[in-house]
Amino acid sequence: MAVIVRAGAAPMVWLGVLAAAVGLVPEGLTGRRIGLYGGAALFPVAAAVVAAVRTGRYRELEHTATRAARGDVLQDRAVTVRNRRRDHRWWLLAAFAAAVGLSFAVPAAGGMLLAGAGAGLWLKARALGRRESAAEKLLWVRTDWVEGGRPAGARVKGYRTTGPAAGDAAPGGARRR
């Protein structure tokens, strides 16, 4: 389940860094220094907001988690990451274009905002991983319940659990080594 959360983090961070770098080229309406200060203020705010959003729903579903049955289809980590990124590529492209467009007004601020949102997703996945490690079980979402890549969406009735050695993902959605 943390794989779904973590899958969007890396592209958002890297596209945000690229948008911030591109955003430093034009002087902008406010100037580069104000844009950098604004972006530096937006980065931790965006990271904190994204990391905190819907945590109550995650915990609620985590407490009602049941053991995975034989009939539950649990996807491979690589397939989940590929599907998640493919489903959201146009949103990422639109966010990147908006961040670059914003740089003509406030240089680098939009890119740093996008990177902060990606960092918030990564922080959320890390928190989920710590809870998975503490409970010594991995949390999964049935593939037929995940709508649009939302691991806590309306169609998700509950999480499934397996032991920590199951699958190819470590707690928090990282690749198992």
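Predicted model: local features only at pLDDT ≥ 70, side-chain atom pairs only at ≥ 80, totals over all residues.
Me: How are Arg57 and Glu60 placed along helix 4?

Reply: In general, an α-helix has 3.6 residues a turn, so residues three or four places apart point the same way. Arg57 and Glu60 are three residues apart in helix 4, which means about one helical turn separates them. Arg57 is partly exposed at 22% relative accessible area, and Glu60 is also partly exposed, at 44%.

Me: Which residues of helix 4 are buried?

Reply: Buried means under 20% relative accessible area. In helix 4, residues 55-63, these are Tyr58, Leu61 and Glu62. They lie on the same side of helix 4, because their arc around the axis is only 105°. Helix 1, helix 7 and strand 2 are what they pack against.

Me: What salt bridge does Glu62 form?

Reply: Glu62 pairs with Arg131, at 2.8 Å from N to O. Arg131 sits in helix 7 and Glu62 in helix 4, so this pair ties together parts 69 residues apart in sequence. Arg131 counts as buried at 19%, and Glu62 does too, at 15%.

Me: How many salt bridges does the whole structure have?

Reply: A search finds three. One of them joins Glu27 and Arg32, whose closest N and O atoms are 3.0 Å apart. Glu27 is partly exposed at 44%, as is Arg32 at 34%.

Methods
Residues numbered from 1 in each chain as written. Heavy atoms only, no water. Buried < 20%, exposed > 50% of the residue type's maximum accessible area, 1.4 Å probe, protein only. Helix = DSSP H or I, 4+ residues; strand = E, 2+ residues; numbered from the N terminus. Arc of directions from axis to C-beta. Contact = heavy atoms within 4.5 Å. Salt bridge = Lys/Arg side-chain N within 4 Å of Asp/Glu carboxyl O.
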